[in-house]
Amino acid sequence: MNSMVALRTVFMDGGCFSKVQDKPKALKASKKPMRVVVVSAQKVDKPIKVGILGASGYTGVELIRFIANHPYFDISLMTADRKAGQSIGSVFPHLITHNLPDLVAVKDADFSSVDAVFCCLPHGTTQEIIKGLPTRLKIVDLSADFRLRDINDYAEWYGQPHKATDLQQEAVYGLTEIFRNKIQSARLVANPGCYPTTILLPLVPLLKASLITLQNIVIVSNSGVSGAGRSAKEANLYTEVSEGIFSYGITRHRHVPEIEQELSDAANSRVTVSFTPTLMPMSRGMQSTINVELAPGVSVEDLKQHLTKFFEKEEFVAVLPDGQAPHTKYVQGSNGCHINVFPDRIPGRAIIISVIDNLVKGASGQALQNLNLMMGYPENTGLSCMPLFP
């Protein structure tokens, strides 16, 4: 292992390690022991050259934020068709002091010195672009184009035929804590959607253990406005969004087939869910409230204990103490997911609440976690940062 990496047993609460150090005082409050790889922020002599396609969007700029402190990755290429020729500092003034390449159009991108690519382009445009990339590249796609294994499902929900069916068969679904082993050997990873991440992390382990029934799963998810992307849209104007909430994509949200695909795999049987997404007047953050029916003979405490054991060695997923409701504020800016389980007022049912930062664990943070695995580095590299508070 690289001399810059040291193994150390610490009590993790999401603290940010910029160098190998003794356990900070702030970490003593947590009671979650974990074997953690602590990585120096000093850059290596020959870093992995990374390209970001669609760097002018929210997920692209989040990747820049994390890779800036990554010891093994350097950004050598950034594309943004509408901003081609501009510096990243002119697009995102908070990055003006960083030495980063200027933005170029995808058609003008030179991949000869690139080792890996994050694709942050809209669905429907990604397939043909990735299809044309050199096959030596490792790719993490943050669009929806490679998440659905059935190309007929893709055509039904996205309104167009899939244009890279061979790649679709090769793609690995990138829910890191569940599919870690497959991701490590993958060339193309389909990064999960933000809503599915909050839903699948608690439900997949419970379905695999047959602790909940396959029926009557009802999910209501709330998202910050950044989940809609950075494009100018009337519905996302401040005066349209502030001081109110509203549901959208009711019964036909495009994340439904992705959620049902992965839940059905976990249950080894067809699973159908009721899913309603709601837009909240906040910049970032996501909460899913999941109502489930307990399997015969199973208690709410059984669900809680199973999730606690399943995630006990995971740095980024925490099952909270009894009675503590997850709050989006406590994961903001971090790659964390907080989960808890509550008894429903209705006998035989439970309420699961799961929160993430939709731009981090729901997108760029999980994408970096996946590329770390694909390149053979500790998956928390560049990601072990405290949430922003307040």
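Which backbone oxygen lies 3.0 Å from a polar atom of the side chain of asparagine 372? In this predicted model, the backbone oxygen in question belongs to threonine 381.

## Asparagine 372 and its surroundings

Asparagine 372 is part of helix H11, which spans residues 360-374, and its relative accessibility of 0% means that asparagine 372 counts as buried. Leaving aside residues up to four places away in sequence, asparagine 372 touches His70, Phe73, Tyr377, Pro378, Glu379, Asn380, Thr381 and Leu383.

## Overall architecture

The protein contains 11 helices and 16 strands, and of its 390 residues, 56% count as buried. Among contacts with a separation of 6 or more, residues 24 or more positions apart account for 69%.

## The annotated cysteine

In the UniProt record, an unreviewed entry, the annotation "active site" covers Cys194. Cysteine 194 is placed in helix H7, residues 194-208, and it counts as buried because its relative accessibility is 13%, where the cut-off for that class is under 20%. Not counting residues up to four places away in sequence, cysteine 194 is in contact with His255, Met286, Ile356, Asn358 and Gly362.

## Threonine 126

Threonine 126 is found in helix H3, residues 126-131, and with a relative accessibility of 0% threonine 126 counts as buried. Its side chain reaches the backbone oxygen of proline 122 at 3.1 Å. When residues up to four places away in sequence are set aside, threonine 126 touches Cys119, Leu121, Asp141, Ser143, Asp145 and Phe146. The C-alpha atoms of threonine 126 and alanine 164 are separated by 9.5 Å, the two residues being 38 residues apart along the chain.

## Salt bridges between helix H9 and a loop

The count of salt bridges comes to 16. One of them joins the side chains of glutamate 258 and arginine 147, with an N to O distance of 3.5 Å. This pair links distant parts of the chain, since glutamate 258 sits in helix H9 (residues 256-267) and arginine 147 in the loop between strand S7 (138-141) and helix H4 (151-158), 111 residues apart. Glutamate 258 counts as buried because its relative accessibility is 1%, and arginine 147, at 7%, likewise counts as buried.

Arginine 149 takes part in a salt bridge with glutamate 262, the N to O distance being 3.6 Å; here too the pair links distant parts of the chain, with arginine 149 in the loop between S7 and H4 and glutamate 262 in helix H9, 113 residues apart. At 48% relative accessibility arginine 149 counts as partly exposed, whereas glutamate 262, at 3%, counts as buried. Arginine 149 also forms a salt bridge with aspartate 265, whose closest N and O atoms are 2.6 Å apart. Because arginine 149 lies in the loop between S7 and H4 and aspartate 265 in helix H9, this pair ties together parts that are 116 residues apart in sequence. Aspartate 265, with a relative accessibility of 41%, counts as partly exposed.

## A network of charged residues

Salt bridges also link Glu62, Arg65, Arg284 and Asp357 in a network.

Terms used: Residues are numbered from 1 along each chain as its sequence is written. This is a predicted model: local features need pLDDT of at least 70, side-chain atom pairs count only at pLDDT 80 or more; totals for chains, interfaces and linings use all residues. Side-chain values use heavy atoms; hydrogens and water are left out. Helices (H or I, at least four residues) and strands (E, at least two) are DSSP runs, numbered from the N terminus. Buried means under 20% relative accessible area, exposed over 50%, partly exposed in between (1.4 Å probe, protein chains only). Contact means heavy atoms within 4.5 Å. A polar contact is a pair of N or O atoms within 3.5 Å; within protein, one must be able to donate a hydrogen and the other to accept it, and residues adjacent in sequence count only if both atoms are side-chain atoms. UniProt positions are given in the numbering used here, feature names are shortened, and annotations may be inferred rather than shown by experiment. A salt bridge is a side-chain nitrogen of Lys or Arg within 4 Å of a carboxyl oxygen of Asp or Glu.
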